[in-house]
Amino acid sequence: APDISLTAVRAHLDELSAIAARNGGNRRSTTQGYRDSVAYVKGKLQAAGYTVTEQPCTSGCTSGAGPNLIAEWPKGDANSVYMFGAHLDGVSAGPGMNDNGSGSAALLENALTLARENPDMRNRVRFAWWTDEEQGLNGSYFYVRTLPSAERARIKAYYNFDMVASLNGGYFINHITSAAAAPMKAYWDSLGLRPEENTEGAGRSDDYSFERYSIPTSGYAMGASARKTSAQASKWGGTSGSAYDPCYHRACDTLTNINTTGLDRAADGIAYTLWQQAVGTGGGGG
Ligand code: PHE
Ligand code: ZN
Ligand code: ZN
Ligand code: ZN
């Protein structure tokens, strides 16, 4: 798998920060800051050759919420789809750089890298940037709920990225012992990170929308308002007894609230997982 450029990921974050700054300081799903975030990601994907769909969330979302953004890479077995997603909306308190500019930017650079490398594909890859996560996982739930059941059955796994650059973070994987998580875990294991189960995040981000329909899910996270234990500080560094993200849902979730080492490790692990699951020739497997 390729190394994902941290510089490029950070450039996407810079853009999301600038978007918040010129739209009252936030990117909440119902605001121009959110719609401008959608336009930025969409423009980059289209320039790379993706056909991108804006999906309006017509039920279950907050009134006035902007759309989900869906982009599928048009190669590989369409009956075997691996989805990768991140919520693109933020809370009204701040610009939402770790939550969830981090996941959004890491995912975007993965999509752009896949298009640039253009490898032979065994399976299908679909990316999603979700709306209205912060009001109840609403955009992702709308997407899964309204998919025809035959389409739902084609999704072999969904990988979620929500808060992958927490300043005092840890290395957490959803459903860490599952088959879907194996490549995510293998990559972080290869870096010696000794990842743990994402207990804090269980049922609290967009992977849960897929879980409700029995689609296998995994993902990376570095933690929110829960506090780092002394055992975790011993193995990962950082401050025990303090929150993984000191600026969770606060105005200070700015560009200075980003753990660039963690961000790079997440971005690269997404690429590793995507390549393991979908890149190559021949049918099945992975
Ligand atoms: N889903 C939460 C949010 O976007 C983030 C979160 C993830 C919180 C995991 C706790 C655990 O705010
Ligand atoms: Zn990298
Ligand atoms: Zn949040
Ligand atoms: Zn979040």
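Are Tyr143 and Phe210 buried or exposed?

Tutor: Both Tyr143 and Phe210 are buried. Here, buried means under 20% relative accessible area, exposed means over 50%, and partly exposed is in between, using a 1.4 Å probe and protein chains only. Before we go on, some ground rules: this is a predicted model, where local features need pLDDT of at least 70 and side-chain atom pairs count only at pLDDT 80 or more, while totals for chains, interfaces and linings use all residues. Residues are numbered from 1 along each chain as its sequence is written, chains are lettered from A and ligands numbered from 1 in the order in which they are written, and side-chain values use heavy atoms, leaving out hydrogens and water.

Now, the rings. Rings of Phe, Tyr and Trp (its six-membered ring) pair if their centres lie within 6.5 Å; planes under 30 degrees apart count as stacked, over 60 as edge-to-face and the rest as tilted. By that rule there are 18 aromatic pairs. Your two residues make a tilted one, because the ring centres of Tyr143 and Phe210 are 6.4 Å apart and their planes are at 40 degrees. Follow the chain and you'll see that this pair links distant parts: Tyr143 sits in helix 4 (residues 138-146) and Phe210 in helix 7 (residues 207-211), 67 residues apart. (Helices, H or I with at least four residues, and strands, E with at least two, are DSSP runs numbered from the N terminus.)

Phe172 and Tyr244 pair up edge-to-face, with 5.1 Å centre to centre and 70 degrees between the planes. Phe172 lies in strand 6 (residues 172-173) and Tyr244 in the loop between helix 8 (230-236) and helix 9, so this pair ties together parts that are 72 residues apart in sequence. Phe172 counts as buried because its relative accessibility is 5%, and Tyr244 does too, at 6%. Both belong to a cluster in which ring pairs link Phe161, Tyr171, Phe172, Trp188, Tyr220, Trp236 and Tyr244.

The zinc ion (ligand 2) is coordinated by Asp3 (OD), Ile4 (O), Asp264 (OD), Asp268 (OD) and Asp268 (OD), at 2.1 to 2.7 Å. The cut-off for donors is N, O and S atoms within 2.8 Å of the metal (3.2 Å for Na, K and Ca); water is not among the atoms, so sites may look incomplete. In sequence, the donor residues of the zinc ion (ligand 2) are spaced D-I-x259-D-x3-D. Ile4 is in the segment before helix 1 (6-21) and Asp264 is in helix 9 (residues 260-278), 260 residues apart. Ile4 counts as buried because its relative accessibility is 0%, whereas Asp264 is partly exposed at 23%.

Another metal site sits elsewhere in the chain. His87 (NE2), Asp99 (OD), Asp162 (OD) and Asp162 (OD) coordinate the zinc ion (ligand 4), at 2.0 to 2.6 Å. The zinc ion (ligand 4) is 3.5 Å from the zinc ion (ligand 3), and Asp99 coordinates both. His87 in strand 3 (residues 77-87) and Asp162 in the loop between strand 5 (155-161) and strand 6 are 75 residues apart. His87 and Asp162 are both buried.
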